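Let's read a protein model together, one feature at a time. Have the sequence and the viewer open side by side, and we'll begin with a helix.

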Amino acid sequence: KTVRLNEVTRSVFYAPMYVAINEGFFKEEGINIELSTGQGADKTMQQVLSKSADIGFCGPEQTFYIYNQGREDYPILFAQLTQRDGSFLVSRQDYKNFTWNDIRGKEVIGGRPGGVPEMALEYVMKKNNIDPKKDIKMITNISFANTGGAFKGGTGDFVALFEPTASAIEQTKSGYVVSSIGAEAGSIPYTCYFTTKSYMDKNKDLIQHFTNAIYKGQLWVKSHSDKEVAYSIKSFFPGTEISSLETVTKNYRKIDAFASTPAIKEEDTARLMDIIQDYDKSLLPIRPPFNTIVNNDFAKTSMEKLK
């Protein structure tokens with residue numbers, strides 16, 4: 001059966017999913033993946049709500065927001081792929097001993113206002129006694145896909161970037177990776193799979209097989225080298241050198257970015273809600289109940305079946 005899957009962006013951060021596709025784990029589960037890229041969590045959510053995609057893959061904050069709108073056919077999270085923010089702070093200057101105090105008074109290109117990359121970045125700044133509204137000039141009006149290009153073109157002193165863009169900029173000496181936002185922010189359900197309540201109710205068996213394939217991808221990444229992962233996912237990154245993909249995989253592994261199972265933890269979800277409310281309470285006036293917006297049954301079944 002074909003599943004139309006919309007991913008938020010294309011990143012090595014999602015290596016276990018690409019491994020699941022290229023190593024044939026979805027095919028083993030009787031699924032043909034039709035992959036599209038939304039370029040923004042809000043856009044991915046719209047694809048699923050408008051029934052242009054069956055399953056979405058992005059930050060769970062969109063699920064929180066839609067639940068609070070009181071929609072009857074609300075989205076439900078069922079599997080997690082990454083457990084840390086996957087962005088890195090890139091500086092125009094080569095700091096030998098970077099501290100977050102170095103961004104004081106500087107221009108920083110962040111993410112979309114209200115998106116988790118931007119919220120996690122500001123959370124880390126506050127943790128390091130930097131007020132994003134007063135101590136720096138925050139640039140948040142550049143589209144997600146264009147932040148790297150804008151930085152290369154001369155905008156900003158710092159930029160928060162995902163891989164492989166951060167390493168590509170470092171290779172051309174246009175910037176230098178100085179910190180991992182994920183390592184600083186702590187464990188959160190950063191990117192998860194979701195679908196609407198109605199789709200889940202009608203396709204429980206399919207969601208189970210989908211989750212099985214994701215878990216197989218997670219297990220494969222865990223038991224294979226950075227180089228083997230790089231070769232497995234290369235087709236998703238045409239024009240990127242194997243050595244770059246290997247470095248990026250290593251960087252993500254180093255900060256424990258890949259979730260080891262598809263199960264979503266309640267305490268990590270609570271931390272993400274803390275980050276959102278700390279950023280702007282009006283974005284999340286009510287914290288949705290965990291067991292309503294998360295269904296871990298599929299993950300638990302996969303983990304029991306494949307252990």
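Q: Which elements do the buried residues of α3 pack against?

A: Happy to start there, with the reminder that this is a predicted model. The buried residues of α3 pack against β1, β3 (55–58), α4 (61–68), β4 (75–82) and β10 (191–196).

Q: Which residues of α3 are buried, and where on the helix do they fall?

A: Helix α3 covers residues 41–49, and its buried residues are Ala41, Thr44, Met45, Val48 and Leu49. Looking down the axis of α3, you find these buried residues within an arc of 135°, so they line one face of the helix. Just past the end of α3, Lys51 has a positive phi of about 65°.

Q: How do I read the packing of two helices, say α4 and α13?

A: Two packed helices are described by the angle and the distance between their axes. Here the axes of α4 and α13 (residues 266–279) come within 11 Å and cross at roughly 75°. Angles from 65 to 115 degrees count as roughly perpendicular, so α4 and α13 are roughly perpendicular to each other. On the α4 side the contact is made by Glu61, Phe64 and Tyr65, and on the α13 side by Thr269, Leu272, Met273 and Ile276. Sorted by class, this contact has five nonpolar, one polar and one charged residues.

Q: Is Cys192 buried or exposed, and what does it touch?

A: Buried means under 20% relative accessible area. Cys192, which lies in strand β10, has 0% relative accessibility and therefore counts as buried. Setting aside neighbours within four places in sequence, Cys192 contacts Gly56, Phe57, Cys58, Pro60, Leu77, Ala79, Gln80 and Ile264.

Q: Where does Thr9 sit, and is Thr9 buried or exposed?

A: Thr9 belongs to the loop between β1 (2–7) and α1 (15–22). With a relative accessible area of 8%, Thr9 is buried. Beyond residues up to four places away in sequence, Thr9 touches Tyr14, Tyr18, Thr37, Gln39 and Phe144.

Q: Zooming out, what does the secondary structure of the protein chain come to, and how does its radius of gyration read?

A: The chain has 15 helices and 10 strands. A compact globule of 307 residues would have a radius of gyration near 19 Å, and the chain's value of 19 Å agrees. Buried residues make up 58% of the 307 residues. Of the contacts between residues at least 6 apart in sequence, 80% join residues at least 24 apart.

Technical notes: Residues numbered from 1 in each chain as written. Predicted model: local features only at pLDDT ≥ 70, side-chain atom pairs only at ≥ 80, totals over all residues. Heavy atoms only, no water. Helix = DSSP H or I, 4+ residues; strand = E, 2+ residues; numbered from the N terminus. Buried < 20%, exposed > 50% of the residue type's maximum accessible area, 1.4 Å probe, protein only. Contact = heavy atoms within 4.5 Å. Arc of directions from axis to C-beta. Axes fitted to C-alpha atoms, helices over the stretch in contact; angles between N-to-C directions. Parallel < 35°, antiparallel > 145°, perpendicular 65-115°, else oblique. Nonpolar A, V, L, I, M, F, W, Y, C, P; charged D, E, K, R; others polar. Rg over C-alpha atoms; globule rule 2.2 N^0.38 Å.
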